[in-house]
Amino acid sequence: MGGDGFTALLVEYYAYGLAQARTSFVTSQWFGALGGAILLCGVGLGVWKAESSGELYVGVATSSVGLVVTVIGQLFQRRADAALRYMADQSALLRQDRQAAEAMRRAVELLGEVADPALRARLQAGLIMKLSGAELPA
């Protein structure tokens, strides 16, 4: 893959990861705000209906719902953070792959410029060993 193809892939990958993280973040904000509003309504109802008999459950139920919605908002926030971390990790790996491919291309290019056949053969062997991860026997 050429430099332009890699750049396009990286830009597309960044855009996808950012869109996913942004969606999760916005969703978390909506759920957090909704949960906070429901919690405030529940507390208000609990205080307002505290003097009446049997009506306290409305405030408790509303507060419970608000708490659940707020927790869901936090889960979306964690998802957004995880998506950003994953995107950063994958992008770093893509960059490493690209750098390795570029180094390989440059090594082969330089190898082609070596005029001495014996030296070229030794360099080819060394390059093959490096790429294959092999080591010389002791």
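Ala-33 comes out as partly exposed, at a relative accessible area of 48% (buried is under 20%, exposed over 50%, and partly exposed is what falls in between, with a 1.4 Å probe and protein chains only). Ala-33 sits in helix H1, which runs over residues 3–48; helices here are DSSP runs of H or I with at least four residues, strands are E runs of at least two, and both are numbered from the N terminus. Between the C-alpha atoms of Ala-33 and Val-69 there is a separation of 9.0 Å, with the two residues 36 apart along the chain.

A word on the ground rules: the model is predicted, so local features need a pLDDT of at least 70 and side-chain atom pairs count only at pLDDT 80 or more, while totals for chains, interfaces and linings use all residues. Residues are numbered from 1 along each chain as its sequence is written, and side-chain values use heavy atoms, with hydrogens and water left out.

Helix H1 also holds Val-26, another residue that is partly exposed, here with a relative accessible area of 38%.

Gln-77 belongs to helix H2. With Ser-28, the side chain of Gln-77 makes a polar contact of 3.0 Å, that is, a pair of N or O atoms within 3.5 Å; within protein, one must be able to donate a hydrogen and the other to accept it, and residues adjacent in sequence count only if both atoms are side-chain atoms.

Next come the charged side chains. A search of the whole structure turns up four salt bridges, each a side-chain nitrogen of Lys or Arg within 4 Å of a carboxyl oxygen of Asp or Glu. A network of these bridges links Arg-98, Glu-102, Arg-105, Arg-106 and Glu-109. Glu-102 pairs with Arg-105, with 2.5 Å between the closest N and O atoms; both are in helix H2 (residues 56–112), three residues apart, or about one turn of the helix. Arg-105 also bridges to Glu-109, at 2.7 Å between the closest N and O atoms. Those two are four residues apart in helix H2, so about one helical turn separates them. Glu-109 in turn meets Arg-106 at 2.4 Å, N to O, and this pair is three residues apart in H2. Relative accessibility is 42% for Arg-105, 35% for Glu-109 and 37% for Arg-106, and Glu-102 is partly exposed at 29%.

Finally, helix H3 (residues 117–132) has 16 residues and reaches 22 Å from its first C-alpha to its last, close to the 22 Å expected at 1.5 Å a residue; the expected span is 1.5 Å times one less than the number of residues. Just after H3, Gly-133 takes a positive phi of about 80 degrees.
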